[in-house]
Structure formats: structure tokens, C-alpha cells
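Subject: Structure for you to look at

Hello,

Here is the structure I promised to pass on. Please open it alongside this note, and my findings follow below.

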Amino acid sequence: MRTALYPGSFDPVTNGHMDIIARASRLFDTLFVGVYANPKKDVLFSLEDRVRMLTSAVKQWPNVQVRSFANLTVECAHELGAQVLVRGLRAVTDFEYEFQLAAMYQQLRPDLEVVCLMTSVKYSFLSASLVKEVAKLGGNVDAFVPEVVAARLREVQTA
């Protein structure tokens, strides 16, 4: 049985993330989507909000589970029994960072494979930061995020 972990801050989850989740769910028996509790960037949504939104967004895939984690990604993967880490690549600019991460993961846990999936072209421009900026300035983000996220962004914007 192949188990994978797709880690990220998911602040918020975008349709680009959802594209990777959908495709990875077809490749692995079990896919954990790991929501990192302490990203080095400022987050708009609490860990609980991010987990709640993701859980709602992935309910269509019975083999996908959402978990939060605060330790090293490789330790989270070990605890979940994952043999593979899934990462998404949007553009060439992502490659260098992902390459460094993969090399570090290999040093920390040599038995863990890293699989990078190219984001579909229609989402290659999309980032959580860009979505947050558009929403903050009153733009419509419905086409870029799951419905639950768009609704939550509207709530935050009017608060």
C-alpha cells in the first residue's frame, strides 16, 4: 500500500493545490494533506481554519485525509507511514527551492521519495499570496479557490 504526504501551509488552499491533490489521490492508496502549523510566513488563517477548509475541500476523495503537523516534514511523513512526499511545481522559479528541499529530505530520511507534480497550466500563475492580495483588495477569487475558501475570504474581508 502506497502512502504519500502532501505538505504545505495552505493559507489558503487554492485550486492549484486542489489540482495536485486530485492527481496525487489517483497515484497513491492514501494521501495525507499535511497542514504545517508554523510556517515562516505570516498567515491569514489559523491552523484550525486551514484544516477545516481543506477537510471540506477534499471530502470528495475517500483516500485523502487532512492532518496538521508542527514537526519536521520528514518526521510527519514517518509518523503517518508515508513513503513518498508530494510537492507541486508551478514554474521554473519553484524548481530550485524544491530541489533544495528534496536534497535535505534525502539527507534526513533516505528511504523517503519525493515526487514533484507539475501544476496544470491553467493554475501555473496561482499562489496563495496572490489570492490573499486580490481578496484583500476586494477582487473576486471564486475561480481560484474552493467555494469554502472563497466564502471564508469574504468573511475575513468584511470583518
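This is a predicted model: local features need pLDDT of at least 70, side-chain atom pairs count only at pLDDT 80 or more; totals for chains, interfaces and linings use all residues.

Residues are numbered from 1 along each chain as its sequence is written, and side-chain values use heavy atoms, with hydrogens and water left out.

**Overall fold**

The protein has six helices and five strands (DSSP runs numbered from the N terminus: helices are H or I with at least four residues, strands are E with at least two). From the N terminus on, they run β-α-β-α-β-α-β-α-β-α-α. The C-alpha trace spans about 45 × 30 × 25 Å along its principal axes. Buried residues make up 46% of the 159 (buried means under 20% relative accessible area, exposed over 50%, partly exposed in between, with a 1.4 Å probe and protein chains only).

**Helix H1**

This is the element I would look at with you. H1 covers residues 15–27, and Thr14 caps its N-terminal end, with a side-chain oxygen 3.2 Å from the backbone nitrogen of Gly16. Since 10 of its 13 residues are buried, H1 is largely enclosed by the rest of the structure. Among the buried ones are His17, Met18, Asp19 and Ile21. Their cover includes strands E1 (3–8), E2 (30–36) and E3 (64–69), as well as helix H2 (47–57).

**The nonpolar cores**

The largest nonpolar core has 33 residues, and Ile21, Leu31, Leu54, Val58 and Val86 have the most contacts inside it (a core is a set of buried Ala, Val, Leu, Ile, Met, Phe, Trp, Tyr and Cys residues joined through side-chain atoms within 4.5 Å). H1 gives the most to this core, with five residues. What does Ile21 touch, not counting residues up to four places away in sequence? Its partners are Tyr6, Leu31, Val33, Leu54, Val58, Trp61 and Val64 (contact means heavy atoms within 4.5 Å). A second, separate core of 11 residues includes Leu5, Ala82, Tyr105 and Leu112.

Best wishes

Technical notes
The expected span of a helix is 1.5 Å times one less than its number of residues. A polar contact is a pair of N or O atoms within 3.5 Å; within protein, one must be able to donate a hydrogen and the other to accept it, and residues adjacent in sequence count only if both atoms are side-chain atoms.
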